[in-house]
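Subject: Structure handover and notes

Hello,

Here is the structure for you to look through. My notes come after it.

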Amino acid sequence: MTATARAGGALPFPDRVLLRPAAGRPRHRLVCLHHAGGGASAYAPWLARLPQDVEVCAVRLPGRESRMGQPPHRSARSAVAEVVETLRPLLADGLPWALYGHSMGGLLAYEVYTELTALGVPQPLYLAVGATAAPQCREAIPPRLPEGYGRAELVEVLRGYGGTPEEVFRNEELLDLILPVLEADLTLFDAYRPTLPPQPVRCPLLAFAGARDPLVDPAHVAAWEEVAADAFTYRLLDAGHFFLASHADEVLARLAVPARAGAAA
């Protein structure tokens, strides 16, 4: 772990983050927030692809991985408060930082951005969201949890997301671990009501969408342009919902260089 990451001593809340220190002095710190039902390990494949002089900090919400025994958040407000509590001391070292969130992690990333900057944390190099509808589109999004859902319906929701190996669905014990976290995360998602009109994003804003995403309308992702008060970049990928894995190189090519300008491509 770098001296920068440990500027205040031991890393605060070490169970809440997956940290890859930079080799030598970090150029900047990339903070990542995971999707519903996922964990910090969703970003493990990025660690080998990102430049070694970029520190990576993937946040881990309760109920998964090393926090398996802790009750998951069921509201965006409580999740955001915890992430802000986790990141604020880490960001106090003044190292330039950037923020990426995927799906549920994208809406949390936006709310974390607004909270941290309101608290005086310097603007990040960029805020990036993937497979996340803009806040003003929230009312047009149907609930993720079916009415009167039970275990069978949760399994079908998980299957519909794609990206889950088929062997998971044949392992009832594994499903017993996954489904309660997924249910809590989707409860959080369905209950989320952003402040409208949205608070503007005053750093470069990047938005990624999958052209074959069964869950998120690319037009709702492109609508982040209305929230941008600085440079805006929109990228439509030939991918499904989990392009952070399937199209990692394409996404990281945009994230690795914190340019202040960019046009849709």
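Below are the helix contacts, the pockets, the cavity and some loop residues.

This is a predicted model, in which local features need pLDDT of at least 70, side-chain atom pairs count only at pLDDT 80 or more, and totals for chains, interfaces and linings use all residues. Residues are numbered from 1 along each chain as its sequence is written, and side-chain values use heavy atoms, with hydrogens and water left out.

Helix packing

Helices (H or I, at least four residues) and strands (E, at least two) are DSSP runs, numbered from the N terminus. Axes are lines fitted to C-alpha atoms, for helices over the stretch in contact, and angles run from 0 to 180 degrees between N-to-C directions. Angles under 35 degrees count as roughly parallel, over 145 as roughly antiparallel, 65 to 115 as roughly perpendicular and the rest as oblique.

Helix H2 (residues 76-91) and helix H3 (residues 104-118) have axes that come within 9 Å and cross at roughly 55 degrees, so H2 and H3 are oblique to each other. On the H2 side the contact (heavy atoms within 4.5 Å) is made by Ala76, Ala79, Val80, Val83, Val84, Leu87, Arg88 and Leu91, and on the H3 side by Leu107, Leu108, Glu111, Val112, Glu115 and Leu116. Sorted by class, this contact of H2 with H3 has eleven nonpolar, no polar and three charged residues. For the classes, Ala, Val, Leu, Ile, Met, Phe, Trp, Tyr, Cys and Pro count as nonpolar, Asp, Glu, Lys and Arg as charged, and the others, Gly among them, as polar. The H2 and H3 crossing is right-handed; a crossing is left-handed if the near helix is turned anticlockwise from the far one by less than a right angle, and right-handed if clockwise.

For H3 and H6, the axes come within 10 Å and cross at roughly 55 degrees, which makes H3 oblique to H6. The crossing of H3 and H6 is left-handed. Met104, Leu107 and Leu108 of H3 make the contact with Asp185, Leu188 and Phe189 of H6. This contact of H3 with H6 has five nonpolar residues, no polar ones and one charged.

H4 and H6 have axes 10 Å apart and pack at about 85 degrees, which makes H4 roughly perpendicular to H6. H4 contributes Arg151, Leu154, Val155, Val157, Leu158 and Tyr161 to the contact, and H6 contributes Glu172, Leu175, Asp176, Ile178, Leu179, Leu182, Glu183 and Leu186. The H4 with H6 contact comprises ten nonpolar, no polar and four charged residues.

Pockets and cavity

On a 1 Å grid over the protein atoms alone, a cavity is a set of points where a 1.4 Å probe fits but cannot get out, and a pocket is an open set with protein on both sides within 12 Å along at least five of seven lines; lining residues have an atom within 4 Å of a point. Grid points are joined across faces, edges and corners, and a volume is the space filled by probe spheres set on the points.

The largest pocket holds about 640 Å³ of space. Of its 26 lining residues, His35, Gly37, Gly38, Gly39 and Thr164 lie nearest the centre. Helix H4 (151-161), helix H6 (172-191) and helix H8 (243-246) each give two or more residues to this lining, and H6 gives the most, with four. The lining of the largest pocket divides into 15 nonpolar, nine polar and two charged residues.

The second largest pocket has a volume of about 550 Å³. It is lined by 26 residues, and Val80, Glu111, Thr114, Glu115 and Thr195 are the closest to its centre. H3 gives the most to this lining, with seven residues. By class, the lining of the second largest pocket has 14 nonpolar, six polar and six charged residues.

There is one cavity of 30 Å³ or more. The largest cavity is lined by Ala36, Ser103, Met104, Arg144, Tyr161, Leu186 and Phe189.

Loop residues

Ser103 is in the loop between strand S4 (97-102) and H3. Its phi is near 55 degrees, a positive value in a residue other than glycine.

Leu196 is in the loop between H6 and strand S6 (205-210). The peptide bond from Leu196 to Pro197 is cis, with omega near -5 degrees. Leaving aside neighbours within four places in sequence, Leu196 is in contact with Pro135 and Gln136. Leu196 and Gln136 are 60 residues apart in sequence, and their C-alpha atoms are 6.8 Å apart in space.

Regards
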